[in-house]
Amino acid sequence: MKKIHIGLLPRIIIAILLGIAVGHFFPASLVRIFVTFNGIFSEFLNFSIPLIILGLVTIAIADIGKGAGKMLIVTALIAYGATLFSGFLSYFTGATLFPSLIEPGRPLEEVSEAQGILPFFSVAIPPLMNVMTSLVLAFTLGLGLAALRSDALKNVARDFQEIIVRMISAVILPLLPLYIFGIFLNMTHSGQVFSILMVFIKIIGVIFALHIFLLIFQYSIAALFVQRNPFKLLGRMLPAYFTALGTQSSAATIPVTLEQTKKNGVSADIAGFVVPLCATIHLSGSTLKIVACALALMMMQGMPFDFSLFAGFIFMLGITMIAAPGVPGGAIMASLGILQSMLGFDESAQALMIALYIAMDSFGTACNVTGDGAIALIIDKIMGKSKQ
């Protein structure tokens with residue numbers, strides 16, 4: 001009897017729909033079981049993320065050789081440019097549309113952050129290093145290995161890469177749909193997302209439309225480089241989009257993004273370098289969302305939101321996003337400092353910003369990782385020409 005194989009994308013969609021459907025009637029004790037699993041799996045993901053970056057980026061740089069330094073600079077500049085574009089797109093769109101959608105002076109107390117169900121127990125699995133440390137170490141080792149004539153250490157790095165790839169395929173990907181099911185089950189059962197979304201439904205609609213426009217724009221630019229249909233290129237990235245929609249983590253979606261980017265014709269070496277790197281430094285979707293939410297909150301409170309103020313904020317936000325950890329809510333946590341220092345957000349405004357951001361975190365993350373595929377296409381074309 002032939003075994004039926006269900007692909008990753010259908011399993012993720014089924015997990016999301018099931019989580020929303022059963023979250024309305026599942027008893028709290030049963031929901032708590034999945035919340036406990038998600039807590040443990042999330043800790044394991046946090047532990048794995050620096051190892052994934054180290055394992056994939058190091059050998060990718062080493063294999064590319066002398067072009068690695070140039071590729072790093074080009075990728076970082078393109079990622080930063082994409083982040084700035086999304087920030088200014090969000091500001092100008094919000095400044096045009098939000099005044100007709102927002103009633104100034106609305107009290108922040110009308111929106112409260114609901115509490116989800118707590119797990120039965122938790123297991124702390126601290127990572128060996130943070131994301132930025134693993135990136136710097138991967139760059140250092142990769143560039144060093146590229147310059148060395150000896151293959152001894154490079155073979156060790158290649159074996160480590162194989163271990164990471166097997167961990168991804170044997171552990172992370174099979175458990176991912178269950179993890180996504182638990183996320184949507186808990187959100188639906190607690191109602192924490194919907195209570196926030198209903199208050200800002202019009203603003204969220206604008207942000208979602210901006211995300212779609214940004215992805216189409218990014219893949220249209222990439223299509224100009226590779227001379228292919230942008231919608232077909234974007235369509236192949238949908239598994240990465242839906243995975244990020246559930247995990248709310250760019251880094252946790254790296255395995256899927258990597259696979260779909262290769263299916264778009266990007267070479268394995270380029271994909272292995274660009275995708276893990278962009279999971280950390282390319283957060284155009286998150287930047288778009290932070291700018292839009294900050295602008296909406298400032299309008300609600302009657303605060304000034306002139307262009308010069310937001311221009312400085314967007315440039316600094318683009319740099320801050322590079323240091324944002326690739327875990328759920330990482331971008332907003334990294335940006336709290338400049339929200340306070342540059343835009344004057346007090347504790348209540350910051351708390352509301354966190355609630356708003358996390359409520360829509362999956363959509364921004366999905367935009368981030370899907371856009372990584374467009375950057376990989378451009379880098380693959382640029383580096384391909386430079387090698388000829």
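Rings of Phe, Tyr and Trp (its six-membered ring) are taken to pair if their centres lie within 6.5 Å, with planes under 30 degrees apart counted as stacked, those over 60 as edge-to-face and the rest as tilted. In this predicted model, ring pairs of that kind join Phe88, Tyr91, Phe92, Phe307, Phe310, Phe313 and Phe315 into a cluster. Local features are reported at pLDDT of at least 70 and side-chain atom pairs only at pLDDT 80 or more, whereas totals for chains, interfaces and linings use all residues. Residues are numbered from 1 along each chain as its sequence is written, and side-chain values rest on heavy atoms, with hydrogens and water left out.

The protein chain contains 16 helices and zero strands; helices (H or I, at least four residues) and strands (E, at least two) are DSSP runs, numbered from the N terminus. Of its 388 residues, 52% are buried. Here buried means under 20% relative accessible area, exposed over 50%, and partly exposed in between (1.4 Å probe, protein chains only). Among contacts with a separation of 6 or more, 86% are between residues 24 or more positions apart, a contact being heavy atoms within 4.5 Å. The accessible surface of the chain is about 16,800 Å², and carbon and sulfur atoms hold 68% of that surface. Accessible areas come from the Shrake-Rupley method with a 1.4 Å probe; for residues, only the protein chains shown count as cover.

The structure holds 13 aromatic pairs. One of them joins Phe88 and Phe307 in a tilted arrangement, with 6.0 Å from centre to centre and 40 degrees between the planes. This pair links distant parts of the chain, since Phe88 belongs to helix α3 (residues 68–97) and Phe307 to helix α13 (residues 307–322), 219 residues apart. Phe88 is buried at 17% relative accessible area, while Phe307 is partly exposed at 40%. A further pair, Tyr241 with Phe242, is edge-to-face, at 5.7 Å between centres and 80 degrees between planes. Tyr241 is buried at 11%, and Phe242 is partly exposed at 23%.

Attention now turns to helix α7. This helix (residues 201–226) has 26 residues and reaches 37 Å from its first C-alpha to its last, close to the 38 Å expected at 1.5 Å a residue; the expected span is 1.5 Å times one less than the number of residues. A nonpolar surface patch of about 530 Å² is formed by Phe85, Phe213, Phe217, Ile221, Leu224 and Phe225, and α7 supplies the largest share, five residues. Patches consist of residues with over 30% relative accessible area and no salt bridge, with like charges joined within 9 Å and nonpolar side chains (Val, Leu, Ile, Met, Phe, Trp, Tyr) within 5 Å. Phe217, in α7, is partly exposed at 33%.

Directly after α7 comes Gln227, in the loop between α7 and α8 (230–236). Gln227 is not a glycine, yet its phi is positive, about 55 degrees. Most residues other than glycine have a negative phi. Gln227 is exposed, at 66% relative accessibility.

The whole structure has one salt bridge, defined as a side-chain nitrogen of Lys or Arg within 4 Å of a carboxyl oxygen of Asp or Glu. The partners are Glu162 and Arg166, at 3.0 Å from N to O. Because they are four residues apart in helix α5 (residues 152–190), Glu162 and Arg166 are separated by about one helical turn. Glu162 is partly exposed at 37%, and Arg166 is exposed at 56%.
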